[in-house]
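Dear colleague,

Please find the structure below, with its sequence. My notes on what was found in it follow, and I would be grateful if you would read them alongside the coordinates.

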Amino acid sequence: MKVTLTLNGRPIEADVEARKSLADFIREREGLTGTHITCEQGVCGACTILVDGRPVRSCIALAVTADRRDVRTVEGFDDDPVMAVVRRCFSECHALQCGYCTPGMLVTARDIVTRLPNADRARIRLELSGNLCRCTGYLGIVNAIEKAASEIRARRP
Amino acid sequence: MASQGIGASVLRNEDERFLHGRGQYVADITLPGTWNAAFLRSPIAHARIKSITIPDDLKGRVFTAADMTGVGPIVGISSLPGFRVSEYPVLATKKVRFVGEPIAVALAPERAEAEDMIERIAVEFDPLPAAVECLDARKSGAPLVHEQWPDNIVHQAEFKLGPFDEMVKKAAHKVTRQFRISRQAVMPMESRAALAHYDARQDELVVYASHQTPHLLATGLAKFLGMSQRRVRVISPDVGGGFGLKIFVEAEALVAASLAMRLRRPIRWIEDNLEHLTADANCREHRHTLTAYADNQGKFLAFDLDVVVDGGAYSIYPWTSCVEAAQCAGILTAAYDLPSIHAKLATIATNKPPICVYRGVARPGVCFSGELIVDAVARAIGREPYQVRIDNMVRPEQMPYSTITNKLYDSGDYPESVRQAVKLADVDGIRARQRRGETDGTLIGVGFASYTEQTAHGTSVLSKWGVELVPGYEMATVRMTPDGDLVIEVGIHSHGQGMETTLAQIASEVLGVDPKRVKVKFGDTAMSPYSTGTYASRSIVMAGGAVATACRTLAKRIAVIGAHLLQAKADDVRIENAQVIGPKGQVDFSALGRAWYLHPEDLPPAVDRGGLTVTEGYRPNPDSGTFSYATHAAVVSVDPDLGTVKLIDYVVVEDCGRRVNPMVVDGQVLGGTVQGIGTALYEEALYGPNGEALTGTLADYMIPGATEVPDIKLAHMTTLSPWTEFGIKGMGEGGAIAPPAAIANAVNDALRVLGVEIAETPITPRRVLAALAAAGKL
C-alpha cells in the first residue's frame, strides 16, 4: 500500500505491506534504528515515537496508519530546545544505563514536561508507567524529568 | 581541572550516542544479503519427534537437526564429582525437552516471511509425561528428562562444616521453614541477538552478538562448530542489558553461525519477547528447607539447609546448571559469625528451559531463606530482628574473617550497615505507628535483609567450582595516540555499567588525563585482549586494576621520554594533568606522542622499545574475591482483605569500598534493587502442569514500572578492600540480592499480629490471601 508521510521533517513516499509495523518501517526501510523494539505488544514503550505530536507505540501501529501524518523519532529532535534540556538532564541525573529504553523514555519525558510542566513526582511516575526500564530503577529518570520541567518552567516568561 | 579521577561523579562518556538514538545494537546492523532466521519451537514440554515435514518449496530455506551435522551438541561440563552431562542439541534431534526448544529454522530476507515459513512445517510428536516441579522430578519414578540417566539429579552434594552436631545439641531454639523462590526470566530490554557472516578476505566467521562475554562466546562457537579460534571473531556492540543472561553460548547463535558459513550469507536472529519469556534461559527457581539453631539470646549456632534448584532441561556452556545450587552452601553464612553449617544441595533436571546465572546468582535465594529464618528466630525469642542481626554479625575487628565455608571476608563493618538502615527506615517511628494502627485497616511492617557479595573472585575460587573457563590475569592494553590522547582496550564488556567512563577515570587517576580524552574500547575479540568477560561483579576490580597497572607502566615510559624532552632526569619529573612536569618546564602528552610515533629522532637513546603501548595483566592477591555488603530495609503496607503489598519506603545502606564514580554506583544499586523488588513482588515465569509456558508477554510476566517503586533512600559506607587496586570492590549485582528478603520480612512483620508468615516469592495478592486463609485469618 502507498503511504505518504513526513518523517523527521522530511517528506516520504513508500509502498509498504499492510502488515508492516510503523517501527519496522522506520527501522528497516528508513534505517532509523534509534527506535527500539522490545515487547511488540505496546507494553514496554521502547518504541515510543511522536505521531502528529503525540506519543505512539510504533510497534503496534501499522505503517499504513502513518499515511499523511507527521512522524518524529528520537533522531528528529536535534533542533528541539525542549529535548536538548531533557537530554542534558538525563545525562546529569544518570537516567540511562544500557541506552535501550532511552529513545522511548526521551519521547515520553519530553511529552511530560511539555504537557504537564507542573507534574509532581507521583504524576511523573504515573506518566512513565508505559515505559519500562530494566537498568535504572527509574529514580534517575524521575529526577531528570523533574529537573527538566523545572528548568523549562524557569525559562518561560 | 577538578579531579576527574576516582571518586568523581563524572558524567558518562557513553551517554551522548544513546541520547541521540545512535547506540548500535545487533538488530541495528544490516549486512547486504542478510537472511533473517525464525525458529520453529516445541509447543510440548516433553515428546519424541516422530516426523518433521517440510514443504518442497521451502527446501534449502528450512533446516533441521539433520542439517546440523558437526554442530554441537552444546555440552556444559562441571568437574564437580557426580555431575551428569547433558547434550543440548542446537536443533532438537529425537526428542524435545522443553516448550520453546528449537526444532527447525527458516530463513528469509524478512523475519515475517521466515515466520510464515515456520507455520508450514509439520511436526508429529509422541508426547511424554513431563517433569515440571523440581521437587516432584527428584522423586523416583518421575518422568526422566534424559532417558539414559537413572534419575533427574544433575548434581548433588552435602557439606557438614564446623562442630555442627555439637551446636545442634547445645541449641535452645530450633526454627524450621520451607521456602520457594519463583522461576524468573531475566528480561533485559534488548533480547538476545546474533548476526553471523563469513568474511572471505579474512577466512573468518564474524558473529555480532548481544553478549557480556564476547571472548568466551568465540571460544564456545569455535568449540561447537569445530573451528579454530583463529577463524572466529565475535563483536558485541552496544548491549541492551545483560544481568547474567548473556554469558553463555546459545543454540540459536550456533545455528545462525553454521548456516552463515554454509550458505556464505549473513544470517541474523533477533530473539523476540515471546521467545525470551518462554524459550530463553530462566533463573532463580529454588526450594529450600532451612533450620536455624540458636541459643536463648538468638545467637546462631548452626544452619541446616536443604536446597533444590530447578536446573531445566540442559546445562548451558560453560556455566552448567549446577553452578547455582553448588554455591548455596558457601554463601549460607552470609554476614554472620556462624560456627557450623550442614547443607544438602541438588540440581534437578526438569522439562523447562535451561537456567542461567541471573544477577546475584544463588544469593537472592539464599538471602531470602536465610534472612527470613533470622526474623523467625527473632520472633521466636521475642527480640527485634535487627538486634539479632547485629549480635550475630561478623564484627569489623574480626576482619579479614574466614567463614566456616572458607570464604575470606576482606573488610567492612556489617553491624553498622544495620544500625544506619534502622535509623533511615525509622524503626521506632514504625513501631509507634504499628501500636496506633492504621485507620484504613491495612497493616504496616518493616523488614531488614543483609548480605555479603563475593565479587571479582578469581582463579583460586572458580577453579574449585568445576567450571570450564576460569579467569586468571585480567588484561588491559593502554596506548597513547600520536596526539597525546589515550585508547584503552579491554576484554570485559559494558552494557549499562558505564565502564567507558569509569575505566577512563582510573586512567585519569594515574595519568591526570581528562576522561573525555580517553577512548575505552571493548566488545570485539579482534581488538581486545582475551578475557572471560563481564560477570560476577568483577569488571571494575579486574579491568580497573589492569588499566591502573598498565597506566603505571606507561607513566614510567612517559617520564623517561618527557624528561628527555625537558632535558631533565627522569627522577626529577612528575606526571600531572596529562603533562610531564620538570624542574624548568613542562611538556604535554601530545609532544610525547609526536616524538614516539612521528619524530623518533627526538627520543632518548635508552627508550623502552615497548613505546607508548602497554599491555598488563592484573589479579588481586589474594584472588579469593572482595566482599561488598549491604543492609536493605523495606517498609510495606499490607491490605489483609485484598492481599496487596505496597512499598511505602525502601532503604539501602551499602559498602562497596572505594566508589570510582558515585553516580554510577548509585545507578547500579538502584537498578539492582528494583530488579529485586520485581523478584519479591511481581516476577514469575509460570509453567502449567504439563510444562506449558504460561507467561509469554509482559502483561503476564510483570516487571516493575515507575509506579511500583518508591524513591529509594541510599546511604554509603566506604571500607576499602585491603587487596584490590584503590580498595575497590565489585558491586554490580548486589542490589538485586536483598529485596525479596527485606520485603518478605516486612510483610511478615506486618502480618505478625495475625500469626501469618509468607515464605514464597513473588508475594502476590493470591499468595498473601492463601497464607491468611491457611491460618484462618481471612
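Pro762(B) is found in the loop between helix H17 (739-751) and helix H18 (765-774) of chain B. Helices here are DSSP runs of H or I with at least four residues, strands are runs of E with at least two, and both are numbered from the N terminus. A cis peptide bond joins Thr761(B) to Pro762(B), with omega at about -15 degrees.

Please note that this is a predicted model, in which local features need pLDDT of at least 70 and side-chain atom pairs count only at pLDDT 80 or more, while totals for chains, interfaces and linings use all residues. Residues are numbered from 1 along each chain as its sequence is written, and chains are lettered from A and ligands numbered from 1 in the order in which they are written.

Another cis peptide bond, with omega of about 0 degrees, links Asn621(B) and Pro622(B). Pro622(B) is placed in the loop between strand E27 (613-618) and strand E28 (626-638) of chain B. As background, most residues other than glycine have a negative phi, and most peptide bonds are trans.

Positive phi values also occur in chain B. Phe243(B) has phi near 60 degrees, a positive value in a residue other than glycine; this residue lies in the loop between strand E12 (232-235) and helix H6 (251-263) of chain B. Phe243(B) is buried, with 28 other C-beta atoms within 10 Å. For Asp426(B), phi is near 55 degrees, again positive in a residue other than glycine, and its place is the loop between helix H10 (414-424) and helix H11 (427-436) of chain B. Asp426(B) counts as partly exposed, with 16 C-beta neighbours inside 10 Å. (A residue is buried if 20 or more other C-beta atoms lie within 10 Å of its own, exposed if 12 or fewer, and partly exposed in between; C-beta atoms are placed from the backbone.)

**Chain A: fold and domains**

Chain A has five helices and five strands, in the order β-β-α-β-β-β-α-α-α-α from the N terminus. Its radius of gyration is 15 Å, close to the 15 Å that the globule rule gives for 157 residues, so chain A is as compact as a globular protein of that length. (The radius is taken over C-alpha atoms, and the rule is 2.2 Å times the number of residues to the power 0.38.) The C-alpha trace of chain A spans about 45 × 35 × 20 Å along its principal axes, and buried residues make up 56% of its 157 residues.

The domain assignment, with bounds from an automatic or database source, divides chain A into domain 1 (2-76) and domain 2 (81-155). Taken over C-alpha atoms, the centres of these domains of chain A are 22 Å apart. Between them, 12 residues of domain 1 are in contact with 11 residues of domain 2, where contact means that C-beta atoms, placed from the backbone, lie within 7 Å. Strand E3 (residues 48-51) of chain A gives the largest share of the domain 1 side, three residues.

**The interface between chains A and B**

In total, 40 residues of chain A are in contact with 41 residues of chain B. Helices H2 (81-92), H3 (102-115), H4 (121-127) and H5 (139-155) of chain A are the elements that give two or more residues to the chain A side. The largest share, four residues, comes from H2(A).

With kind regards

Key
Contact = placed C-beta atoms within 7 Å.
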